[in-house]
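User: I am new to this structure and would like a close look at a single part. Please take the surroundings of the ligand, and then go on to the helices and the loop that can be described along with that part.

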Amino acid sequence: MSKVRIAVLISGGGTNLQSIIDAVDSGELDLQIACVVSNRKEAFGLKRAENAGIPAYYVGKGNYPEDQERETALLNLLEKKKIDLIVLAGYLNILPSSVIGAYKDRIINIHPSLIPRHCGKGFYGMKVHESVISSGDAVTGVTIHYVDEGVDTGKVIERVEIPVFESDMAESLSKRVLVIEHELLVRVLKDLIENFGGRYES
Ligand code: GRF
């Protein structure tokens, strides 16, 4: 049986992508990272993919200025790469509904808070952790969920709680959360691949 083929969509540093790459290299994850796609040309995650010998693509306003052509380029790429499952790992772009429709229940996203707290439009990166700190929440966490038409609104797959310390600032909190993100993402992917077996086979 051929391996499940995933596309990882990024916009930035790609440490979550790196955790998947490392888990595949160690044999912990039995899947194929068929491609990495970024909507930002300068995303370091593209370099991480290249260093790992994974096909890496920039699909953004710089090379596809028109929305429709960018959407078509992304769809065509995913189809050409025979993608079974799409992983949004710090992808700071709203996926076109055509992609969401074509990959219904086969797109997951990782968000650095306990959804439905501190999520939705404008809640990304450090802004999430700043919101947690200013809210006085004693607990935050990581959520992995399916992607639907909304922003951070899809069915939750798994959440992990993380305590917020008195001494925490957004920076220190983000570092602790990121470690848990990397662990949870690999664990959830492992479960999805094992439990759904051929479901993602194209
Ligand atoms: C992570 O905090 C992730 O939860 C959020 O964006 C950040 C991406 O970090 N969606 P990286 O690019 O994987 O290092």
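Analyst: Around the ligand are Gly13, Gly14, Thr15, Asn16, Gly90, Ile110, Pro112, Leu178 and Glu181, where a residue is near a molecule if one of its heavy atoms lies within 4 Å of it. This is a predicted model, in which local features need pLDDT of at least 70 and side-chain atom pairs count only at pLDDT 80 or more, while totals for chains, interfaces and linings use all residues. Residues are numbered from 1 along each chain as its sequence is written, and side-chain values use heavy atoms, with hydrogens and water left out.

Some of these residues make polar contacts (pairs of N or O atoms within 3.5 Å). A ligand oxygen lies 2.5 Å from a side-chain N or O atom of Thr15, and a ligand oxygen is 2.5 Å from a side-chain N or O atom of Glu181. For Gly13, a polar backbone atom is 3.5 Å from an oxygen of the ligand.

Thr15 also belongs to a helix contact: with Leu17, Gln18 and Ile21 in H1, Thr15 meets Gly45, Arg48 and Ala49 in H2, contact meaning heavy atoms within 4.5 Å. The residues of this contact are three nonpolar, three polar and one charged; here Ala, Val, Leu, Ile, Met, Phe, Trp, Tyr, Cys and Pro count as nonpolar, Asp, Glu, Lys and Arg as charged, and the others, Gly among them, as polar. Helices (H or I, at least four residues) and strands (E, at least two) are DSSP runs, numbered from the N terminus. The axes of H1 (residues 15-26) and H2 (residues 44-51) come within 9 Å and cross at roughly 15°, the axes being lines fitted to C-alpha atoms over the stretch in contact, with angles from 0 to 180 degrees between N-to-C directions. H1 is therefore roughly parallel to H2, a term for angles under 35 degrees.

The loop between strand E5 (107-111) and helix H5 (126-135) holds Pro116, which a cis peptide bond joins to Ile115.

Note on methods:
Parallel < 35°, antiparallel > 145°, perpendicular 65-115°, else oblique. Polar contact = N/O pair within 3.5 Å; in protein donor to acceptor, adjacent residues only side chain to side chain.
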